[in-house]
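Please keep the sequence and the structure in view while reading.

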Amino acid sequence: MSILIKGVLLNDAVKDVYIEKNEIRHIGTDLQVQADQVIDGKRKALIPGFVNAHTHAAMTLFRGFGDDMALMPWLEQKIWPNEDKLTYEDMYWGTKLACLEMIKSGTTTFSDMYHQYEATADAVEEMGMRALVAGACFDGFNLKLAERCKRENEKLMAEVVGNYSDRIRYAAGPHAIYTVSGELLKWIHSFTAEHDAPVHLHLAETEGEVQDSVKKFGLTPVRYLNKLGVLSPRLIIAHGIYVDDDEIRMLADHDVKVVHNPASNMKLASGIRFKFCEMRKAGVTVALGTDGCSSSNNLDMVEAMKLASLLGKAWRKDPEAIPAGEIFKAATEAGASAIGLKAGRIAEGYLADLCLVDLNIPAFIPNHNFVSNLVYAANGSCIDTVICDGKILMQDKKVPGEEEIMERTAELAYKLVKES
Ligand SMILES: N[C@@H](CCSC[C@H]1O[C@@H](n2cnc3c(=O)[nH]cnc32)[C@H](O)[C@@H]1O)C(=O)O
Ligand SMILES: [Zn+2]
């Protein structure tokens, strides 16, 4: 299987890009190669596929449900009681809708933390995307439940993870420090060290979480994790809003990855002063995510880039903070490196996870500065073609089977919420 993209705009020059199997093989001008498929890149730009580094895919089912609430009442009153009722079918179709939405807005990889590992993985497998799927758990500081979480993760590793293609990888998914005991966090740290797997955790998301952490553990969230000995390069923390300078240094020293979720942080009013610049300066890998569709309420990484950049400028009163090129890197290269993928860049030898952007729309006219237009002027609907793992997932803005996915998910979500 090979693809030749002819005459496409790439970093301000017109290039040909040749893809063989799942890799970018050659980048040049006027490449004379035979390919199974040829894509005309005229009036299109080539970018790496986005990496949505924190989401709960099947939360598409709860889009528009439980709006305008703060994190804890939203989770406790609206989300958790309904998540308990999710069936395999709900999860599978909810994830398919998330994949559809992500493909349509240029995301090729996402890092997920939700229920029912297999339902998520089955949907991702069929949609052709890449995902880091977390074996999510919380023990509520209950020893019996902690044991259950351990057995579930062991079982996933022994019997489930290997059934999927290498587009799907396993992470452990302890939910947060207010729902998961220190003992379980430590167990997860050593279990994942043995298997060299990432750990995906919500951390330092609200002021309330920090206050509770100080009350309960005598330490702020990052210091608490440091004391438990679970900070590592495999740890991916979502949110990380409430961290001081010493904690940023701890994150940098242990090469912990941080995911900024601007839409969710603003909608739940969790906090706006995400320290993007300080973290980058300290050498922390900062990726970008949307979070789930009940707090986001979409999975559009183009929109997330704009929100992150503008929010960062606004609270600092500094228009020079987080320029377009920097947030574009967070949404691509940093996301890929956070989850350990050789992707997020267009270079020979990198994974063929790519998007063609339609330049024939008002947001790209004039095109003095492509990255500026992409971040500040466009939204996810500018994406025309998506390639993941060397296969075309969308062409001319059409994804095969999209009508069925929308119909099925709408029905299931309606039933779920109506019965709540
Ligand atoms: N309770 C599950 C695992 C949790 S999945 C991840 C959870 O994170 C929830 N969630 C979504 N967004 C956020 C957020 O911003 N902060 C904290 N939790 C969130 C989501 O609704 C879901 O319940 C089990 O042990 O089987
Ligand atoms: Zn989340």
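Just after helix 3, Gly 128 takes a positive phi of about 85°. The model is predicted: local features need pLDDT of at least 70, side-chain atom pairs count only at pLDDT 80 or more, and totals for chains, interfaces and linings use all residues. Residues are numbered from 1 along each chain as its sequence is written, while chains are lettered from A and ligands numbered from 1 in the order in which they are written.

Helices (H or I, at least four residues) and strands (E, at least two) are DSSP runs, numbered from the N terminus. Helix 3 covers residues 117–127, and its buried residues are Tyr 117, Ala 119, Thr 120, Ala 121, Ala 123, Val 124 and Met 127. A residue is called buried if 20 or more other C-beta atoms, placed from the backbone, lie within 10 Å of its own. The buried residues of helix 3 pack against helix 2, strand 7, strand 8, helix 4 and strand 9; contact requires C-beta atoms, placed from the backbone, within 7 Å.

Which elements contribute to the surroundings of ligand 1? The ligand is surrounded by 20 residues, and the closest are Ile 79, Ala 136, Cys 137, Phe 138 and His 202. Such a residue has its C-beta atom, placed from the backbone, within 6 Å of the molecule. Helix 1 (71–83), strand 7 (107–114) and strand 8 (130–137) each give two or more residues to this shell, and the largest share, five residues, comes from helix 1.

Strand 15 (residues 383–388) is mostly covered, with six of its six residues buried. Its pairings are listed below; two strands pair if DSSP finds at least two bridges between them.

| Strands | Sense | Bridges |
|---|---|---|
| Strand 14 (residues 354–358) and strand 15 | antiparallel | four bridges |
| Strand 15 and strand 16 (residues 391–394) | antiparallel | three bridges |

Val 357 has Ile 383 of strand 15 as its bridge partner, and Cys 388 stands opposite Lys 391 in strand 16. The hairpin of strand 15 and strand 16 has two residues between the strands, and there Asp 389 takes a positive phi near 55°.

An automatic or database assignment sets the domain bounds, giving domain 1 (2–48 + 344–402) and domain 2 (57–338). Their contact takes 23 residues from domain 1 and 27 residues from domain 2. On the side of domain 1 that touches domain 2, helix 13 (370–377), strand 15 and strand 16 each give two or more residues; the largest share, five residues, comes from helix 13.

Technical notes: Buried ≥ 20, exposed ≤ 12 C-beta atoms within 10 Å, placed from the backbone. Contact = placed C-beta atoms within 7 Å.
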